[in-house]
Amino acid sequence: MEMSYGPTIEGLMNHRSIRKFTDQLVTEEHRSAILAAGQQASSSSNMQAFSVIRITDRQLREELMAITGNQSYVLESPEFWVWCADLYRYTMAAGQGSGSERLEEANAEWYTIGAVDTALAAQNAAAAAESLGLGIVYIGGIRNDIRRVGELLKLPQLVAPLFGMCIGYPDQDPVVRPRLSPEAVMHENEYSSSAYASLIAEYDDRHRSYMRERSGGKLETSWSEQMAAKHSQSGRQIGGYLKQQGFRLDD
Ligand SMILES: Cc1cc2nc3c(=O)[nH]c(=O)nc-3n(C[C@H](O)[C@H](O)[C@H](O)COP(=O)(O)O)c2cc1C
């Protein structure tokens, strides 16, 4: 994208995850602005089905870091926030009107509402943080042991941790990671995969160049190679925990 369309798009196009932070703290004012921007995201029926848990306790940070496979920035970032899908607050509010909290209705749709609301709020917050000169990285690694995270954070029924977010001032300046070409993700009227082979090959080339630049010539991994490595790992299993939290995903 060559043209400039103003600071919002420019900011979004300059996103890159930051995994090394300076010691500079994020002011309370900035924290409030970031949270408020997150809260202002669209929300399914205004249910605002998310909660954020700010982790300030060092020992808790250490335990969470261990769960993420020792990603050091979970401990070292000035701010670490855990974003949770939260249908609990909604049922409390709803229960006051009807006298019934109807927890048994928490099905896959409820979980989807929570996951979508949480992601929208988090990404609004991320963009807001970046606009203030901060950097962020999402941490899905907390789902390595989602049950333990739920225990540590004392999450009630109908609340599930989805991802963490490190926030702070960047102490690195990584190059922006290229994305698939727009044609690979935009379809017209119906889904079409006919151009995927060539679009993936084209992206693999750009990704190799990006990796070469990022690693100072040491790495040349293509996107396909990275996806193959990802695909060969056994994925996390969180269905049992979500069920324990009251979400019935088979309905
Ligand atoms: C939900 C989610 C979870 C993620 N989890 C991790 C993580 O645990 N550790 C990490 O270093 N990066 C994590 N990332 C960052 C992605 O690896 C990164 O966004 C992606 O490679 C694209 O790179 P970019 O953000 O620099 O453009 C996560 C991103 C998302 C959206």
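An oxygen atom of the ligand lies 2.7 Å from an N or O atom in the side chain of H15, a polar contact in the sense of a pair of N or O atoms within 3.5 Å. The side chain of S17 likewise places an N or O atom 2.6 Å from a ligand oxygen, and for the side chain of R179 the corresponding distance is 3.0 Å. Taken alone, the ligand exposes 610 Å², of which the protein buries 68%, the areas coming from the Shrake-Rupley method with a 1.4 Å probe. In total 13 residues surround the ligand, the closest being H15, S17, R19, Q71 and G140, where a residue counts if one of its heavy atoms lies within 4 Å of the ligand.

This is a predicted model, in which local features need pLDDT of at least 70 and side-chain atom pairs count only at pLDDT 80 or more, whereas totals for chains, interfaces and linings use all residues. Residues are numbered from 1 along each chain as its sequence is written, and side-chain values use heavy atoms, with hydrogens and water left out.

Helix α3 spans residues 58-67, helices being DSSP runs of H or I with at least four residues, and strands runs of E with at least two, numbered from the N terminus. Its buried residues are L60, R61, L64, M65 and I67, buried meaning under 20% relative accessible area and exposed over 50%, with a 1.4 Å probe and protein chains only. Because they cover an arc of only 155 degrees around the axis, they lie on the same side of α3, the arc being that of the directions from the helix axis to the C-beta atoms. The face turned away from this buried side carries the exposed residues R58 and Q59.

Note on methods: Polar contact = N/O pair within 3.5 Å; in protein donor to acceptor, adjacent residues only side chain to side chain.
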